[in-house]
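Visitor: Hi, I'm new to this one. Can you show it to me and walk me through it?

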Amino acid sequence: MPSLGEVVAALEGRYDPRWAEPWDAVGLVCGDPDTDVRRVHLAVDPVLAVAEEAITAGAQLLVTHHPLFLGGTTSVAATTAKGRVVHRLLAAGCGLFVAHTNADVADPGVSDALAGALGLRDLRPLRPGAAEPVDKVVTFVPAADVDRLLDALAVAGAGTIGHYDRCAFLVEGAGTFRAGAGTNPTVGRPGEVTRTPEVRVEMVAPRARRSAVVRALLDAHPYEEPAYDVIELAAPPGSRGLGRVGELAEPMTLSEFTAHVARSLPETAWGVRAAGDQRRPVRTVAVCGGSGGDLAVTAARAGADVLVTADLKHHATSETIEDHVVALVDAAHWATEWPWLEQVAAYLTTGDGERGTDTVEATVSRIVTDPWTVHAHQKEL
Ligand SMILES: [Zn+2]
């Protein structure tokens, strides 16, 4: 049975807290990392009804998308709704963990789950996030020292590409130099021009590891004054990022597509509404779970016929539609993020034991925590 700390480590392995926005509040809110976890409960909102649901489910950890304390707090007394959530959870031996904007940009993340629920294919990030910054480190070394140098650079963090490590490119050539007075050259003599066979070694390295890699290079290189380059590589488009763009298997009109979204997401009082010409054909679809209204122009530039998101505002929506930029589908915020819970549950409970969480059970909240619970139409009154 994994500890709460091990489950948190598995979650942070997929939803790295460093990807969260600076204003966000992600990670472990309450709970003891040494507690054994048999069951994890997953929900969008850490409200009291959800805390009770987690306790009734017998969970030792509640994972939510939205933070409990986004604006900071000085008290967790049971005199406020949020304080009561903390008290109820702790009294029942249940921790609370939040993955919010770090789960939004993860691959797979919140918008992948939304896109999956809508049956979209060929997914790509709508606003790609920067991939991890990478350097290329180049040096020139006698053939006999290449392997020792590669080992040292690999230990320092260089040469990892996906699931391959100690990756390097080697090319044979010649180096030439004249050692000055007072030097002790490994090859040649002071005052003489020396020309000697060398191997050019190239390895990639995370920019965060630059100091350690350069130190390892200088330590492992046989020369008194090794020549080396550190080159900052341009960031390739990453697979992470905000929102997703994908394709429907068959085109449909905006009106048909709106009904398709309503059928594909859990039901709320808010339902699903759309802005734009209802006969407009829809094939390429952009999605962003939660509040993604500011991505309308990005969606249009990405070639999307429609953007599915939540919390859309009057003026921005009106302008977008007037300019025929892209059609907009406005679903309930909660409903657009709920599909992610099933994705997290599958991640925790499957695998080859490498995450150490395969034995936990995961339950997904069935409580509709969308705050809009009443919806009236004039014609129904
Ligand atoms: Zn949200």
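**A sheet and its cores**

Guide: Gly27 stands opposite Val98 in strand E4. This is a predicted model: local features need pLDDT of at least 70, side-chain atom pairs count only at pLDDT 80 or more, and totals for chains, interfaces and linings use all residues. Residues are numbered from 1 along each chain as its sequence is written.

Visitor: How do E1 and E4 pair?

Guide: In the antiparallel sense, over 3 bridges. Strands (E, at least two residues) and helices (H or I, at least four) are DSSP runs, numbered from the N terminus. Two strands pair if DSSP finds at least two bridges between them.

Visitor: What's the strand order in the open sheet?

Guide: E1-E4-E3-E2-E15, with mixed pairing. Strands E1 (27-30) and E15 (361-364) are at the edges with a single partner strand each, so one side of each has no neighbour in the sheet.

Visitor: Which helix lies across E1?

Guide: H3, residues 81-91. Helix H3 also lies across E3 (61-64) and E4, and runs at about 85 degrees to E1. Angles run from 0 to 180 degrees between N-to-C directions, with axes fitted to C-alpha atoms, for helices over the stretch in contact (C-beta atoms, placed from the backbone, within 7 Å).

Visitor: New topic. Which residues touch the most other members of the largest nonpolar core?

Guide: Val40, Leu61, Leu62, Val306 and Leu307, out of 81 residues. A nonpolar core is a set of buried Ala, Val, Leu, Ile, Met, Phe, Trp, Tyr and Cys residues joined through C-beta atoms within 7 Å. Buried means 20 or more other C-beta atoms within 10 Å of a residue's own.

Terms used. Two residues are in contact if their C-beta atoms, placed from the backbone, lie within 7 Å. A residue is buried if 20 or more other C-beta atoms lie within 10 Å of its own, exposed if 12 or fewer, and partly exposed in between; C-beta atoms are placed from the backbone.
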